[in-house]
Amino acid sequence: MPTTARAVVIGGGVIGCSILYHLAKLGWSDVVLLERDELTSGSTWHAAANIHGLHDSTNVSRIQHYTMNLYKELEQETGQGCGVFQPGSLYLAQTEAREHQLRLQAAKAKLYGMNFHEISIAEARELHPLVNFDGIRCVMYEPDGGNVDPSGVTQAYAAGARQRGAQIHRFTPVTGTVAQPDGSWIVQTPRGDIHTEWVVNAAGLWGREVAALAGLQLPLQPTEHQYFVTETIPEIAAMDRRLPSVSDRDGEYYLRQEGKGLLVGAYERDMQFWAEDGTPLDFAHDLFPDDLDRIEENMMNAIERVPAVGEAGIKRVINGPMIWSPDANVLFGPVPELHNYFCCNGIIPGFSQSGGMGLLAAQWIIEGETQYDMFGWDVARFDAWAGKAFTKARVADQYAHRFAIHFPNEERSAGRPARTRPVYDMQRDRRAVFGLNAGWEHPLWFADMPGATETNGFTRQNWWEPVGAECRMLRDRAGIIDISNFAKYICKGPGAEDWLNAVYANTMPRAVGRSCLTPLISKRGGIAGDFTVTRTEEDTFWIIGSGMAERYHKRFFKQVPLPDGTTFESQTSAICGFNVAGPASRDLLQRLTNTSLATADFPFMRSRTIELAGVEVLALRVSFTGDLGWELHCKADDQMTLYAALLDAGQQFGAGPVGSRALMSLRIEKGYGSWSREYSPEYWPQEVGLDRLCKLDKDFLNKEAAVRVLRYPARERLVILELDADDVNRSNAEATGGEPIFKDGKGIGRVTSGTYGYTVDQSLALGFVRDAGPGDVVEVMVLGQPHKATILAAPPFDPEGRRLRA
């Protein structure tokens with residue numbers, strides 16, 4: 001066994017072997033995989049191993065298509081069979097909502113050149129004569145869908161990795177991972193230690209235990225999962241072809257051919273946790289006792305849809321473990337608090353994603369960044385707030401609702417509240433309906449009746465009118481928005497200005513009380529974040545960014561060493577804030593302070609520490625609403641006092657609380673982008689209008705990448721669109737994000753944010769397009785159906801910024 005390696009991959013399941021293969025494929029041959037037992041031990045060997053391409057996330061769809069295409073290449077490259085069967089997959093819609101979801105996916109498939117399209121019931125019956133199509137509203141067909149052999153795929157990755165020089169050591173458990181002062185690691189095993197640059201935790205069911213060796217606690221929880229295989233079905237035995245798989249998610253089961261019978265699996269409501277206190281170290285190729293009673297309802301749904309299932313005997317039952325994260329997505333990427341420790345844990349559709357997951361992991365480790373923005377997978381999306389109770393509650397919800405539609409704007413209640421601010425009860429008393437942001441509860445909207453709960457769907461829901469009332473109140477008078485979930489930092493010391501200039505692309509404010517907007521540039525030259533930086537004292541700066549990206553941004557901040565005597569600390573938990581905005585906001589706030597808020601004394605993009613209703617606040621004259629307004633930041637202990645004073649003063653002006661749903665509408669009316677939607681590592685500065693904030697006369701993090709991409713013309717541009725009112729009224733739905741944009745039948749872009757602009761009376765969307773500009777009429781595929789839209793030359797609200805600067 002070697003004593004050194006560039007990377008050590010821990011775990012010999014399909015994901016660990018894929019990562020090893022792709023590391024070698026991208027040029028790192030000096031890599032090692034350690035497996036405590038035999039390859040495929042744990043979850044891999046007993047997986048149903050279905051493969052499919054389409055996903056609600058476009059980037060996940062890209063990854064899954066890469067994976068599906070890779071398997072046959074692997075067979076040719078290695079000579080190891082992957083057991084690839086691709087008879088196609090049928091996707092059934094029993095409900096209107098499922099039909100909307102499938103039609104939207106079909107529109108995305110057309111945009112990205114993926115093979116997924118609608119077929120008639122007659123065509124579907126021809127493809128799968130055993131299915132009863134009664135009650136089916138529409139059928140989509142994915143010709144490349146199917147399944148693979150779990151062991152074959154894993155061995156093919158292993159063979160391909162070995163051919164490129166990688167080493168695999170079975171029966172070699174890892175007993176320790178010890179961080180070294182230079183950022184490298186010692187991986188300890190009974191067979192000797194390996195000194196390595198990178199540790200990759202791909203330990204599957206033992207991901208928690210391996211993480212604990214490095215002092216990490218990962219939010220993971222295993223469950224039991226069952227599927228069964230029938231005896232031979234005569235109709236299948238008589239066929240000279242393989243039947244397509246059936247995705248009947250409204251029926252809450254999956255079904256495909258296995259041998260001459262059928263395989264049926266289910267995610268039942270009566271789910272069972274396993275190994276809550278740790279996965280047994282002696283567990284390997286083991287299964288649990290059958291418990292088909294738990295999935296009886298799912299089985300009956302399958303029998304109703306495919307009667308042959310009920311007529312055949314059961315040949316075998318597989319009841320094995322799976323390990324889940326709180327949102328059923330992988331925990332992926334370098335741990336921000338550690339150096340060169342990479343996680344890839346909690347994978348559910350492993351055989352649909354293994355290839356793409358391995359490729360992106362290798363890109364991140366070797367090149368410093370993935371080609372796609374995968375924040376939805378990033379391990380940094382969770383932090384210490386996602387503890388054991390939260391994780392169990394969310395996993396139970398995710399498992400039991402595995403096939404439920406995740407609607408736009410949907411907020412699930414399981415495991416909440418995890419973190420609350422002091423004013424939580426005050427907001428709840430005012431009938432706030434809450435959402436989750438980085439673990440924090442924050443108001444989405446305020447209901448107009450006691451006990452209201454939010455409905456979900458693709459069309460306009462019960463919050464549509466109340467949110468409109470909040471928007472109009474703010475634009476006509478004033479509104480009070482809780483912005484405590486923004487990430488907040490203080491950089492202080494003699495080197496603060498130099499350090500911030502070395503991190504951010506814009507030049508830091510030189511005068512006390514001045515603010516600037518600045519992008520953070522990613523490794524490939526895209527937008528890793530957008531921040532507001534304010535100089536509050538000669539050697540002190542206040543920084544505000546995306547709250548949900550706070551842990552993500554740690555990776556960037558730690559790349560630039562802090563000068564001696566200079567500190568950079570998060571204040572997100574210690575500081576709360578409100579944005580008071582609207583034409584009456586100045587008069588409202590002036591009632592609470594002796595500091596002049598007149599434009600001459602307190603102009604736009606200026607800041608000052610003031611006393612407001614007896615509370616010391618940092619007041620910044622900015623507003624994400626695009627209206628006249630101030631951000632007010634105070635100590636958490638003072639939040640209740642400040643909120644009560646603002647609400648009391650607001651009554652005199654007809655002003656009140658406003659939630660984040662209204663803020664979304666208001667910022668889109670103004671054409672403001674938002675991180676993770678319009679600002680992403682995939683988008684270049686010139687494509688989102690932030691190139692003017694990249695000051696190339698100074699050095700900053702990833703400047704070389706910025707210089708490189710800024711040499712090129714924009715590949716596409718961020719635009720604002722107005723959707724046709726008749727089309728919107730007919731569908732009763734807005735664009736929400738992800739909808740393809742077509743022009744003259746050709747795909748030219750996609751929506752990143754969408755909502756109704758209540759105060760401009762327009763259905764609006766932000767999105768990226770190519771080969772189109774202001775005045776052009778395009779089609780936005782809302783609910784998968786074309787909605788006419790016009791690209792606007794300017795945002796419809798206050799395009800010249802007069803109210804903002806009033």
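**View 1. Helices α13 and α18 are oblique to each other in this predicted model, because their packing angle is about 55 degrees.** Angles under 35 degrees count as roughly parallel, over 145 as roughly antiparallel, 65 to 115 as roughly perpendicular and the rest as oblique. The axes of α13 (residues 464-476) and α18 (residues 660-669) lie 9 Å apart; axes are lines fitted to C-alpha atoms over the stretch in contact, with angles from 0 to 180 degrees between N-to-C directions. Helices are DSSP runs of H or I with at least four residues, and strands are runs of E with at least two, numbered from the N terminus. V467, E470, C471, L474 and R475 of α13 meet R661, A662, S665, L666 and E669 of α18, contact meaning heavy atoms within 4.5 Å.

**View 2. W28 sits in the loop between α1 and β2.** W28 is buried, at 7% relative accessible area; buried means under 20%, exposed over 50% and partly exposed in between (1.4 Å probe, protein chains only). Leaving aside residues up to four places away in sequence, W28 touches R6, A7, L23, E197, W198, I365 and I366.

**View 3. L23 is one of the residues that touch the most other members of the largest nonpolar core, which has 48 residues.** Such a core is a set of buried Ala, Val, Leu, Ile, Met, Phe, Trp, Tyr and Cys residues joined through side-chain atoms within 4.5 Å.

Residues are numbered from 1 along each chain, and side-chain values use heavy atoms, without hydrogens and water. In this predicted model local features need pLDDT of at least 70 and side-chain atom pairs count only at pLDDT 80 or more, while totals for chains, interfaces and linings use all residues.
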